[in-house]
Amino acid sequence: MLVLILKILIPFLLIFNLLPLLIWVERKGSAYIQDRRGPNRASFFGIRLGGLLHTISDVIKLITKEDIIPAHVNKPFFILAPFLVLFVACVTYAVIPFAHPIEINGGIFTFQAADLNVGILYILAMSSLGVFGVLLAGWSSNNKYSLLGGLRSSAQMFSYEIAMGLALLSVLLLGGSLELSALIDDQTAAVWRWNFIRNPLAFILFLTAVFAEANRLPFDLPEGESELVAGYHVEYSSMKFAMFFMAEYAHMIVGSALITALFFGGWQVPFLSTEFLRTNAESGLFMVLLAHGVLFMIIGFFLLGKFKSGKYGDKRDYEVIVIGLPMTVIGLALGLYTLLHGSFQLGDMGRQVFAAVLQFGVFMAKILFFCWVFIWIRWTLPRFRYDQLMHLGWKVMIPLGLASVAGTAIVMVL
Amino acid sequence: MSEIFLFYLFGGLSVLMTLLMIFQTNPVASAIYLVGAFFGLAALYVLLSAPFVAVLQVLVYAGAIMVLFTFVIMLLNIRKEELVYDRVTWRKTAVVLTALFFAGFLIWHFLKIPVVPFAPVEEGFGEVHKVGRLMFSKYLIPFELTSVLLLVAIIGALVLGKKE
Amino acid sequence: MITIHHYLILSALLFTLGLLGVVIRKNLLIVLMSLEVLMNAINLLLIAVSRYLGRMDGHVVAFFIMTVAAAEAGIGLAIVVTLFRNRRTIKTTDWRIMGG
């Protein structure tokens, strides 16, 4: 029971801790793409952490703000909607496996909350429920902009869900299963077996559909601020608004996790199979620790090198030292410890855990990369016009999806 | 005994939600309650070891059909006064009594079935590959015919919805 | 202990409620929703009986019923939209011209 609760809680907490980080990445990334400096004002005793503290002050602001419920709204649904949106964005994590299952005392321990036999259908079902939250928010606000936003979003999610389903269909034809863990096993560690190489068309379709599902630019017409003020969440304030915001980022993370699991081998470490990792765990651990030490030292030295006395003329000068020095020391200590300690002795259990931890790390790295892709595309592409969006959804994506399914099926039969 | 608890929880949920759905003046509220009822039923399907049908229930009913309903309700943008619920009449009372009689009749017939506890199910009962195998062997022709049905529905909806 | 009777009675209740909704309501949309409830009651019956008999045929038939429900909802809503477009009302009592 405790294990089950932990299994449910850990991915959930992981995502909720990723959210502020992603908001920071989004702000900083957009700033660099637009050739600005980005957020750098919030400070804690003069330490600014490159704008990372802005997210903390944002959270404090959103929690302590007055929660206004306008008089003209339909109250129960108005309150229900943000919860629904966030709920739907979070439950999909249940079926995502984070590492290769390990054996404990003869029993198999899986790194996923629910190893459902119908994994992919579950994902589709949950993502199709996401429309309700948006639709309800738009309708219950009793505001024509909100209603338009809600209608737009439901039509959009409708249209792109079909393309998403078709892309998924071609993937599960390749893997021959509806279970995500089986699909990842099927892709193996060899990169050329990953689905984005075996079926690039489905990958592009899925990527586009995930963008549309997450309501991110270039498909953020439901909220298009220039024409609909902010779409379905105009009337929301304080934490309820923040929940929509969080749901968007949670959608991003879940979308990235799905893209990774379905098309980029999930937790598979490129070219290194689980067997290989387990047999070579001892030297692997040595190398991983050493690499971390070196990486920390490089970052530390880089930061220390940026120190220039009197650059700003206040405490900001010492920021790089405050962060850079501990990093260098940690890196040095880690590297020296590893070198002096020599090879590690790992039991059977230790080998499995090492492989699982490494796979988990690789999976997270892939997820973060795709989150970055989301942000990157948002700040690069302009928004579609509504008729273009519908045209793309129905007349381009769906025929392509059908072609992808048919092509995959034919190749599989041959 | 958790099964009993779950049965009454989800069964009660679906009945309650259906009742609320019927006696609502606001169609959007009705649609949302109906989604709740469908969720209760999906949970019951899981209890009956039919995970495939349970997920399809959520996917098709809650995710597709009810979204379509909500969409249409919002598209028509019906004002509330058109939905005012009219007074109780003799006719309605008669209808309710008939419904109760009908329910009693059904239940009376159902109770004639011998009470046998559910036998433990075989491995993989109700899971995708087993149901799929059945669907594509014994029920292949009906399955293919459903595609024709859906095509007809698409064309019908298109013809009806098209403006002259 | 949960037996098949529980499920059958629940199914009967839901079916009755759905029927009640179809008969009692004048809003076409609610009538259509009640029709969905009817189909769901049948589905519950099918799944319960297939569990009872240990055969999966009921699951397949439930799948077919869902397909029919989807088609019905699509056509039904298209009809509702068309009716609303013609007379700006979806009350069943306003559409009695065919009944004389």
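**Exercise 1. Work out how α3(A) and α4(A) pack: at what angle, and how far apart are their axes?**

Step 1. Locate the pair. Helices here are DSSP runs of H or I with at least four residues, numbered from the N terminus; A:Ala81 lies in α3 of chain A, residues 75-91, and α4 of chain A covers residues 119-140.

Step 2. Read the geometry. The two helices pack at about 160°, and their axes are 8 Å apart. Axes are lines fitted to C-alpha atoms, for helices over the stretch in contact, and angles run from 0 to 180 degrees between N-to-C directions.

Step 3. Name the arrangement. That angle makes α3(A) roughly antiparallel to α4(A), the word used for angles over 145 degrees. The crossing is left-handed, meaning that the near helix is turned anticlockwise from the far one by less than a right angle.

Step 4. Look at the residues. Among those that meet are A:Phe77, A:Leu84 and A:Val88 in α3(A), and A:Met126, A:Phe132 and A:Leu136 in α4(A). The contact has 16 nonpolar, 3 polar and no charged residues. Ala, Val, Leu, Ile, Met, Phe, Trp, Tyr, Cys and Pro count as nonpolar, Asp, Glu, Lys and Arg as charged, and the others, Gly among them, as polar.

A friendly note before going on: this is a predicted model, in which local features need pLDDT of at least 70, side-chain atom pairs count only at pLDDT 80 or more, and totals for chains, interfaces and linings use all residues. Residues are numbered from 1 along each chain as its sequence is written, while chains are lettered from A and ligands numbered from 1 in the order in which they are written.

**Exercise 2. Decide whether A:Ala81 is buried or exposed.**

Step 1. Count. A:Ala81 counts as buried because it has 28 C-beta neighbours inside 10 Å; the cut-off for buried is 20 or more other C-beta atoms within 10 Å, with C-beta atoms placed from the backbone.

Step 2. Find its partners. Beyond neighbours within four places in sequence, A:Ala81 is in contact (C-beta atoms within 7 Å) with A:Gly133, A:Leu136, A:Ala137 and A:Ser140.

Step 3. A:Glu103 is 22 residues from A:Ala81 in sequence, yet their C-alpha atoms are 42 Å apart.

**Exercise 3. Which chains share the most contacts?**

Step 1. Of the 2 pairs of chains in contact, the answer is B and C. No contact joins chains A and C, whose closest C-alpha atoms lie 14 Å apart.

Step 2. Here 59 residues of chain C touch 67 residues of chain B. The largest share of the chain C side, 22 residues, comes from α3(C).

Conventions: A residue is buried if 20 or more other C-beta atoms lie within 10 Å of its own, exposed if 12 or fewer, and partly exposed in between; C-beta atoms are placed from the backbone. Angles under 35 degrees count as roughly parallel, over 145 as roughly antiparallel, 65 to 115 as roughly perpendicular and the rest as oblique.
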